[in-house]
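Work through the exercises below with the sequence and the model at hand, and try each task before reading its solution.

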Amino acid sequence: MLYCDLVDTGKTFNNKKIYKCQKCDLEAGLEDPNAKEQINSRMDICNSCEYYKDDACMLCGCRVVRDTVYQNKLADKSASCPDGRWKAIED
């Protein structure tokens with residue numbers, strides 16, 4: 001399992017603070033800086049999925065990868081897996 005150590009970059013994108021992992025350099029716009037458990041859990045599910053190939057979901061076409069991107073489906077609490085393997089986060 002991969003774990004992120006997120007720190008605030010001082011930047012924003014689409015009104016979300018940008019956090020960067022000190023371990024893997026993932027940059028994500030997060031509503032909640034404690035969302036690293038959400039990202040890690042979703043990434044673990046994607047990594048074990050038969051539809052996850054070449055850093056993308058073959059069902060929806062989204063890039064689902066731990067690299068430097070500002071909008072990553074894993075960090076979007078309203079996103080969900082098209083196969084129902086992980087759901088949107090409800091407040």
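This is a predicted model: local features need pLDDT of at least 70, side-chain atom pairs count only at pLDDT 80 or more; totals for chains, interfaces and linings use all residues.

Residues are numbered from 1 along each chain as its sequence is written, and side-chain values use heavy atoms, with hydrogens and water left out.

**Exercise 1.** Find how many salt bridges the structure holds, and describe the one between K17 and D8.

Solution. Begin with the criterion, a side-chain nitrogen of Lys or Arg within 4 Å of a carboxyl oxygen of Asp or Glu. The structure holds four such salt bridges. In one of them, the side chains of K17 and D8 meet at 3.8 Å, N to O.

**Exercise 2.** Determine where K11 and E27 lie, and whether E27 is buried or exposed.

Solution. First, the side chains of K11 and E27 form a salt bridge at 3.8 Å, N to O. Next, K11 belongs to strand β1 (residues 6–13) and E27 to strand β3 (residues 27–30), so the pair ties together parts that are 16 residues apart in sequence; strands are DSSP runs (E, at least two residues), numbered from the N terminus. Finally, E27 is buried, with a relative accessible area of 7%, whereas K11 is partly exposed at 35% (buried is under 20%, exposed over 50%, partly exposed in between, with a 1.4 Å probe and protein chains only).

**Exercise 3.** Identify the network of salt bridges to which R85 belongs.

Solution. R85 pairs with E50, their closest N and O atoms being 3.1 Å apart. The network links E50, D83 and R85.

Notes. Helices (H or I, at least four residues) and strands (E, at least two) are DSSP runs, numbered from the N terminus.
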